Amino acid sequence: MSRYWLGRVAQSIPMLVAVSLAVFVVLQLAPGDPSTLLADPAYLDDRQRAELRASLGLDEPLPVQYVRTMGGILDGSLRSFRTKEPTIAMLGDALPVTATVGLLGLGVATLAGVALGAYAARQPGGRIDRALSIAVVSAISIPTFVLSLLLLRVFAEGLRVLPATGIRPIGSSGIDPIASIPHLVLPVLVTAFPLAAIIARYSRDAVREALVAEHVRTAEGKGLRPGTVQRRHVLRNALVPIVSVVGTVAPLLLGGSVIVESIFGLPGVGRIAVAAALQRDFPVVMTTTLFAAVLVIFANLVTDIAYGYADPRIRLR
Amino acid sequence: MPAAALLGVVALLVLIGPFAVPYAPEAQSIAERLRPPTPAHPLGTDGFGRDVLARLLAGGRVSLAVGLLSMAVAVSVGVLVGALSGYAGGAADAALMRLTELVMVFPTFFLIILVVASFGGSLPLLVLVIGLTSWPVGARILRGEVLRTRERDFVTAARAIGATEARILVRHVLVNVVAVVIVSATIRVGTNILIEAGLSYLGLGVQPPLASWGNMVADGARVIRTDWWLTLIPAVAIFVTVLGFNLLGEGLRDLLDPREERARRVPPQASAA
């Protein structure tokens with residue numbers, strides 16, 4: 001077992017190298033070089049320009065720049081062009097916010113999605129099933145930013161029952177989870193909404209398939225209570241496709257965080273990435289993009305491990 | 001199909017509408033800013049005194065064009081990769097699937113942000129980058145279908161009578177998986193419109209003064225307390241259009257692939273809404 005997982009982890013290393021190379025190449029292809037963002041080249045003579053480029057390490061061969069940049073992300077020597085802060089520290093400050101909203105959102109979405117899907121599956125083609133299927137298509141057709149603005153307008157500005165933006169921080173950075181609860185309600189709901197819809201659809205199909213299986217009929221036939229059948233025989237078997245869909249949507253959290261954090265003024269990874277992109281702060285863009293890829297690879301790994309728990313047959317392979 | 005009719009109406013409005021509106025979508029008139037709907041301006045004017053109806057129609061052209069063209073890019077790459085991978089098998093399959101995983105590992109939004117930050121937000125770039133990041137899902141589905149179809153008897157029969165590999169792939173395999181491509185392409189248009197709208201909302205997509213539904217929502221959100229319809233109008237336009245593509249995709253799936261319908265026990269009414 002441990003050998004298998006070591007192998008899986010080792011497999012993701014070439015993937016990470018490829019991703020970091022791709023990010024590096026995109027930034028190399030970008031017109032103009034970073035030094036022109038710090039000072040308008042028109043006001044510098046050749047010597048000053050060369051000095052500036054040398055101070056940023058832009059005069060070295062590309063492979064050297066690549067290795068130094070990647071090392072710089074890890075040891076903190078790669079700094080934001082704007083704030084001069086190490087990019088890894090900015091990421092460290094932002095991560096708890098994104099993780100809190102994302103994980104709470106995924107949790108809410110999974111609970112709501114599985115419950116709705118399992119409920120609708122009891123009577124396929126029934127009123128609830130049809131309502132769910134319409135709700136699912138509608139939910140995935142609403143842009144995240146529209147839903148955010150709508151909820152903000154109604155709950156924060158109209159009814160004034162929830163704060164519109166921000167979080168309660170501890171000290172200069174970080175997040176105080178308890179005091180932030182009212183601030184997190186809307187972002188978590190917005191994050192969970194489209195994911196819950198997707199999870200509901202797949203859970204419905206999975207539960208439906210499990211419900212008509214032979215062993216479920218046997219379990220019912222031998223007189224087990226409906227609750228026990230539902231738990232031990234239906235949901236247990238529907239678990240693999242449900243794990244699979246939760247694993248598929250988890251990476252979407254990060255994309256969603258970009259919009260949710262911008263609208264709700266949360267100092268998370270997504271907002272840093274957008275702000276850095278608008279200011280062409282390349283070290284920060286690069287760090288956040290790479291981090292996003294690491295997180296997806298990690299999510300895939302966690303999904304694979306979860307498969308093993310959901311279905312012992314997968315563990316043996 | 002109601003979804004097709006809905007999209008037909010949207011397409012007609014966006015194509016013909018701009019000729020019927022007497023204002024240019026970028027024409028500002030500070031004296032007439034933030035007017036509620038009047039006969040002269042049926043949907044009112046925005047914060048720069050621009051006619052909202054004119055911008056809505058012009059923005060629709062941009063949003064639909066980006067959605068459709070980026071879908072075309074995604075489908076071209078996806079079909080190429082999926083078909084070759086599934087049909088060739090072996091080392092080519094392994095290499096193409098690693099490439100697909102690599103693109104999938106990039107969270108789309110972050111990759112687009114990276115590219116737009118590097119090269120700016122021009123329309124062709126937006127189409128390319130949305131298209132080139134959105135093909136892996138379709139390619140994987142197609143690969144699975146091709147793998148299954150490749151083993152069918154009529155493919156063996158074609159090979160036995162001496163058809164070339166290229167002919168078998170195009171005339172026998174691809175025509176049998178075309179339904180899957182059409183369905184996923186239709187839903188892809190809606191998804192890509194959402195991506196474009198999100199980017200434009202953040203200021204990373206279509207750049208003002210050029211209108212797109214996404215940047216219209218962003219403009220409207222600044223005055224959402226008082227002139228909420230400036231946000232609502234483009235928001236509804238996005239929702240209706242994306243909903244149209246999603247419903248059309250589902251309708252086509254039931255229409256083109258009745259096997260799946262039975263297997264998944266999806267009631268026919270469920271997607272006819």
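Here is a short chat about a few residues in this predicted model.

Biologist: Let's start in helix α8 of chain B: is B:T186 buried or exposed?

Modeller: B:T186 sits in helix α8, which covers residues 165–202 of chain B. Its relative accessible area is 10%, and buried means under 20%. So B:T186 is buried.

Biologist: Leaving aside neighbours within four places in sequence, which residues is B:T186 in contact with?

Modeller: Happy to list them! With those sequence neighbours left out, the contacts of B:T186 are B:F245, B:L248, B:G249 and B:L252.

Biologist: Now for charges: how many residues apart are B:R50 and B:D219?

Modeller: Their side chains meet in a salt bridge, at 3.5 Å from N to O. B:R50 is in the loop between α1 and α2 of chain B, while B:D219 is in helix α9, and the two are 169 residues apart.

Biologist: Which parts does the salt bridge of B:E101 and B:R140 tie together?

Modeller: In this pair the N to O distance is 3.9 Å. B:E101 lies in one helix and B:R140 in another, so the bridge ties together α3 and α6 of chain B.

Key: Residues numbered from 1 in each chain as written. Chains lettered and ligands numbered in written order. Predicted model: local features only at pLDDT ≥ 70, side-chain atom pairs only at ≥ 80, totals over all residues. Heavy atoms only, no water. Helix = DSSP H or I, 4+ residues; strand = E, 2+ residues; numbered from the N terminus. Buried < 20%, exposed > 50% of the residue type's maximum accessible area, 1.4 Å probe, protein only. Contact = heavy atoms within 4.5 Å. Salt bridge = Lys/Arg side-chain N within 4 Å of Asp/Glu carboxyl O.
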